[in-house]
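The exercises below are meant to be worked through with the sequence and the model side by side. Try each task before reading its solution.

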Amino acid sequence: MDSGSRKVGSLPGPRAGLTYHGRMRPGSPSIEQIRRAPKVLLHDHLDGGLRPATIVELAAEQGYRKLPTTDPDALAAWFVAGAAGGDLVRYLEGFAHTVALLQHTEALIRVAEECVEDLAEDGVVYAEVRFAPELHTEAGLALDDVVEAVLAGFERGMRREAARGRPIVVRTLLTAMRTAARSLEIAECAVRHRDEGVAGFDVAGREAGFPPSRHLDAFQLVQRENFHTTVHAGEAFGLPSIWEALQWCNAERLGHGVRIVDDIAVGADGTVGLGRLAAYVRDTRTPLEMCPTSNVQTGVARSLGQHPLGLLVRLRFRVTVNTDNRLMSGVSLSSELAAVAEAFGYGWAELEWLTLNAIKSAFYPFDKRLALITGRIKPGFAALAQEDALQVPVPGR
Ligand SMILES: [Zn+2]
């Protein structure tokens with residue numbers, strides 16, 4: 001902590017005193033309004049976002065009998081209970097089911113197409129959805145077959161949504177598992193499909209004991225190819241994991257990155273000191289792909305209100321809000337943004353800032369990012385804020 005202390009920057013707090021119809025609290029946009037906002041999602045797992053009804057149907061088609069129930073509503077509740085219970089074994093059991101059902105081309109295409117539809121329905125305009133190809137080869141598919149199936153499903157979904165009048169761009173990140181040894185193959189596969197919708201390379205899985213530096217050859221390949229890397233780092237495990245991701249693996253973004261707060265000291269008087277690593281992350285505008293509900297469920301944060309996101313936003317780190325696993329966490333990007341707005345008293349200005357952070361950090365060509373910002377995101381948020389301003393305030397209830 002030798003980089004000195006400085007006062008915490010401050011954002012405007014909740015606009016107290018007025019209550020609007022349909023609001024969860026004064027000043028915070030409602031989930032219905034947020035659903036209509038043009039949103040950007042950078043951290044979402046394909047195998048963590050299946051529709052419960054699709055799981056039931058795929059299980060019937062494939063003769064898979066291990067599901068705890070075949071009632072879609074009960075199944076949805078089972079997944080969320082597993083994630084929220086703080087029991088890692090139970091949490092991973094959920095992924096065992098979804099991954100088991102995603103071993104065939106048709107199932108991968110279907111789930112990818114439905115993913116696009118669900119995100120468009122939620123008002124997302126740009127998304128990077130990730131998955132680990134190596135987990136989908138048990139029935140004999142090659143890595144390239146898996147990737148091509150998912151890309152085909154995304155293409156179908158995007159075509160259908162464009163025809164429906166709600167255009168969305170969905171790209172993918174290929175994830176290598178930290179605990180396995182196929183990262184170089186996955187990185188090569190990602191580069192091979194870069195012009196068909198693969199946006200970058202990612203590493204995920206247990207952090208403790210499996211530093212990303214075990215996969216240096218993969219990261220170096222991605223760098224040599226002028227391609228993109230994000231790394232799951234600093235979720236449960238601390239600063240060394242973040243440092244390695246940035247300084248050994250050339251990560252351009254951090255998946256979660258929550259533990260960067262371990263390098264930030266906040267004094268009782270509100271002064272803040274950033275350590276060297278936290279200062280580096282903030283100064284280089286390194287995007288943090290934060291997934292607050294997922295972090296609460298896995299015990300990384302005690303509650304949404306106590307999530308480090310609030311402090312990091314105040315300090316103007318490049319924070320983005322994401323879903324992680326929509327099925328397991330029972331969230332959508334809209335519900336996640338609404339929860340964050342509620343917890344920290346954010347209004348449209350903060351939600352737009354978070355969205356602009358995300359699109360600026362996307363692994364997507366600069367001109368196209370700019371086109372989304374000027375053509376969809378800014379006009380969309382402006383219209384919603386304007387609509388809000390026109391509402392007549394009523395006395396608080
Ligand atoms: Zn993740």
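Helix axes here are lines fitted to C-alpha atoms over the stretch in contact, and the angles between them run from 0 to 180 degrees between N-to-C directions. This is a predicted model, in which local features need pLDDT of at least 70 and side-chain atom pairs count only at pLDDT 80 or more, while totals for chains, interfaces and linings use all residues. Residues are numbered from 1 along each chain as its sequence is written.

**Exercise 1. Describe how helix 6 and helix 7 pack, and which residues meet.**

Helices (H or I, at least four residues) and strands (E, at least two) are DSSP runs, numbered from the N terminus. Begin with helix 6, residues 143–163, whose axis is 10 Å from that of helix 7, the two packing at an angle of about 45°. That makes helix 6 oblique to helix 7, given that angles under 35 degrees count as roughly parallel, over 145 as roughly antiparallel, 65 to 115 as roughly perpendicular and the rest as oblique. The crossing of these two helices is right-handed, a term used when the near helix is turned clockwise from the far one by less than a right angle, anticlockwise being left-handed. Finally, look for the contacts, where two residues count if their C-beta atoms, placed from the backbone, lie within 7 Å: Leu143, Asp144 and Val147 of helix 6 meet Glu185, Ile186 and Cys189 of helix 7.

**Exercise 2. Follow helix 7 to helix 8 and work out how their axes are arranged.**

The axes of helix 7 (residues 183–192) and helix 8 (residues 216–224) come within 8 Å and cross at roughly 15°. That makes helix 7 roughly parallel to helix 8, and the crossing of this pair is right-handed. On the helix 7 side the meeting residues are Ser183, Leu184, Ile186, Ala187, Glu188 and Val191, and on the helix 8 side they are Asp217, Ala218, Leu221 and Val222.

Now take Val191, which belongs to helix 7, and leave aside its neighbours within four places in sequence: Val191 is then in contact with Val222, Glu225 and Phe227. Val191 has 19 other C-beta atoms within 10 Å and is therefore partly exposed, since a residue is buried with 20 or more other C-beta atoms within 10 Å of its own, exposed with 12 or fewer, and partly exposed in between, the C-beta atoms being placed from the backbone.

**Exercise 3. Which residues of helix 2 are buried, and where do they lie around its axis?**

In helix 2, residues 52–62, the buried residues are Pro52, Ile55 and Leu58. They cover an arc of only 120° around the axis, which puts them on the same side of helix 2; the arc is that of the directions from the helix axis to the C-beta atoms. The face turned away from this buried side carries the exposed residues Ala60 and Glu61. After the helix comes Gly63, whose phi is positive, near 65°.

**Exercise 4. Find where Asn226 and Arg285 lie, and decide whether each is buried or exposed.**

Asn226 lies in the loop between helix 8 and strand 6 (229–233), and its phi is near 55°, a positive value in a residue other than glycine. With 8 C-beta neighbours inside 10 Å, Asn226 counts as exposed. Arg285 is found in the loop between helix 10 (276–283) and strand 10 (288–290), and has a positive phi of about 55° although it is not a glycine. With 12 other C-beta atoms within 10 Å, Arg285 is exposed.

**Exercise 5. Classify the packing of helix 15 and helix 16.**

Helix 15 (residues 348–360) and helix 16 (residues 366–390) pack at an angle of about 170°, with their axes 11 Å apart. The two helices are therefore roughly antiparallel to each other. Residues making the contact include Trp348, Glu352 and Thr355 of helix 15, and Arg369, Leu372 and Ile373 of helix 16.
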